[in-house]
Amino acid sequence: MGPSVAATTKIAPEVFESMIPYLTDLYGNPSSAYRFGKQINGAIEHAREQVALLLGCEPKEVLFTSCGTESDNAAISSAFQTTGKRQLLTSAVEHSAVKNHAEKLENSGFGVLRLPVAADGTLTPCQVEKAVTDDTAIVSLMWANNETGVLFPVEEIASLCHDRGVLFHTDAVQVAGKIPLDLSSSKITMLSLSGHKLHAPKGVGALYLKRRSKFAPYLIGGSQEKGKRAGTENVASIVGFGRAAELALEKIGEERTRVKAMRDRFEEALLADPRVKVNGNREDRLPNTSNLRFEGKSAEHLIGDFDALGLCASAGSACTTGSMAPSHVLNAMGLSDEQALSSIRFSFSRYNTQEEADRAIRIVKETFTG
Ligand code: PLP
């Protein structure tokens, strides 16, 4: 099995096909007035419509960016500039795209409040309600955790933020294409997406910005994306992202049935051993992610052994591996360093087969008990 799909995904063949013309003959600059440029611009607008359909929003509410990290950073920075307020309310389990940005803001004198999570990784709207203050510029909470797959009740939280007149941003990088999204009547102000988590290439992302919301650009320079995101567009990747969004929408049912069944069977088979435990709430969770703790074993060693047998998985998120520091997400859920360092994230995609999942079970069992 290839890399854990929560870390990245393979480019869908249809996505690759859709990109080829824009990497070869159709190389015009979308901002140019000549016909060639207008044709390219049309392709970007088509991709915007495809992403909007996945989100259930209007195409004009979608801005293309370079990645999920940029979308997260842009959303938070914009809120500070447009509101003039000085506090960010977030959680203790965010991806480094938000976590590290928050630390930087804190070092620059802004206030950051990080809500704790329960032992199963969940968080309640009530916690947000109590923590919002008159100085809260924005509440930024991830929709699904990239390590455990645990979902936060973001729609409910967005509504309460709206009632309090506070902006709400969600990092939806892990949920897009896995659970249905409908922003048409949602109170979410901004939402981040990343292409490479839904079978589009790396290096393209999107930021949903609710119509009529104020926005202060993060990158200053050009006038692209109606002045909200400078820089000549990454046309081929945007086209691929659009096609990937279209496919994700078509296949969303499969994520919730076949992919989920594969994940559940994998978990059940491994949980037969009492030394294996699931980290995180098993109900309010993405259908494709499984974070397992192997009591008494080092995740680093297990991952190395899995790798040698052709199974890719990660300890903590791939973006923080290399250091083998315990995961801040698992620590925030109350796991000791030792427990966190014996935990591994597995994730499945629609490109995985049941045979592969069964082989993964065999590899994990043999490695763990062997
Ligand atoms: N947010 C979450 C929850 C993620 O899982 C990731 C990537 O792992 C990102 C943001 C960053 O996205 P990108 O790699 O496109 O910058």
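User: Which strands does α7 lie across, and at what angle does α7 run to β9?

Analyst: Helix α7 lies across β8, β9 and β10, and runs at about 10° to β9. Helices here are DSSP runs of H or I with at least four residues, strands are runs of E with at least two, and both are numbered from the N terminus. Angles lie between N-to-C directions, from 0 to 180 degrees, of axes fitted to C-alpha atoms, for helices over the stretch in contact. Contact means heavy atoms within 4.5 Å. Helix α8 (residues 299-308) also packs on this sheet, where α8 touches β9 and β10, and the direction of α8 makes about 40° with that of β10.

The model is predicted, so local features need pLDDT of at least 70 and side-chain atom pairs count only at pLDDT 80 or more, while totals for chains, interfaces and linings use all residues. Residues are numbered from 1 along each chain as its sequence is written, and side-chain values use heavy atoms, with hydrogens and water left out.

User: In what order do the three strands of that open sheet stand?

Analyst: The order is β8-β9-β10, and the pairing is antiparallel. Strands β8 (276-278) and β10 (343-347) are at the edges with a single partner strand each, so one side of each has no neighbour in the sheet. Neighbouring strands of this sheet are turned against each other by 30° on average, direction ignored. Two strands pair if DSSP finds at least two bridges between them. Between β8 and β9 (residues 289-294) there are three bridges, in the antiparallel sense. Within this pair, V278 stands opposite L292 in β9.

User: What is the strand order of the open sheet with seven strands?

Analyst: That order is β1-β7-β6-β5-β4-β2-β3, with mixed pairing. The edge strands are β1 (62-65) and β3 (111-115); each has a single partner strand, so one side of each is left without a neighbour in the sheet.

User: Which way do the residues of β2 point?

Analyst: In a regular strand the side chains alternate between the two faces of the sheet. In β2, Q87, L89 and S91 point one way, L88 and T90 point the other way, and all are buried. Buried means under 20% relative accessible area, exposed over 50%, and partly exposed in between (1.4 Å probe, protein chains only). Strand β2 (residues 87-91) pairs with β3 in the parallel sense over five bridges. The bridge partner of Q87 in β3 is G111, and that of T90 is R114.

User: Which residues of helix α1 are buried?

Analyst: An α-helix has 3.6 residues a turn, so residues three or four places apart point the same way. In α1 (residues 13-23) the buried residues are V15, S18, M19 and Y22. They cover an arc of only 95° around the axis, which puts them on the same side of α1. The arc is that of the directions from the helix axis to the C-beta atoms. Their cover includes α2 (35-55) and α7 (235-271).

User: Where does α7 bend?

Analyst: Helix α7 bends by about 55° at K251. The bend is the angle between axes fitted to the seven residues ending at a residue and the seven starting there. A straight helix of 37 residues would span 54 Å at 1.5 Å a residue, but α7 spans only 46 Å between its end C-alpha atoms. The expected span is 1.5 Å times one less than the number of residues.

User: Is I238 buried or exposed?

Analyst: I238, in helix α7, is buried, with a relative accessible area of 2%. Leaving aside its neighbours within four places in sequence, I238 is in contact with I44, A47, F64, V204 and E233. G195 is 43 residues from I238 in sequence, and their C-alpha atoms are 8.5 Å apart.

User: What is the phi of E225?

Analyst: E225 has a positive phi of about 50°, although E225 is not a glycine. The residue is in the loop between β7 and α7, and E225 is buried at 8% relative accessible area. K226 lies in the loop between β7 and α7 and has a phi near 55°, a positive value in a residue other than glycine. K226 counts as exposed, at 77% relative accessibility.
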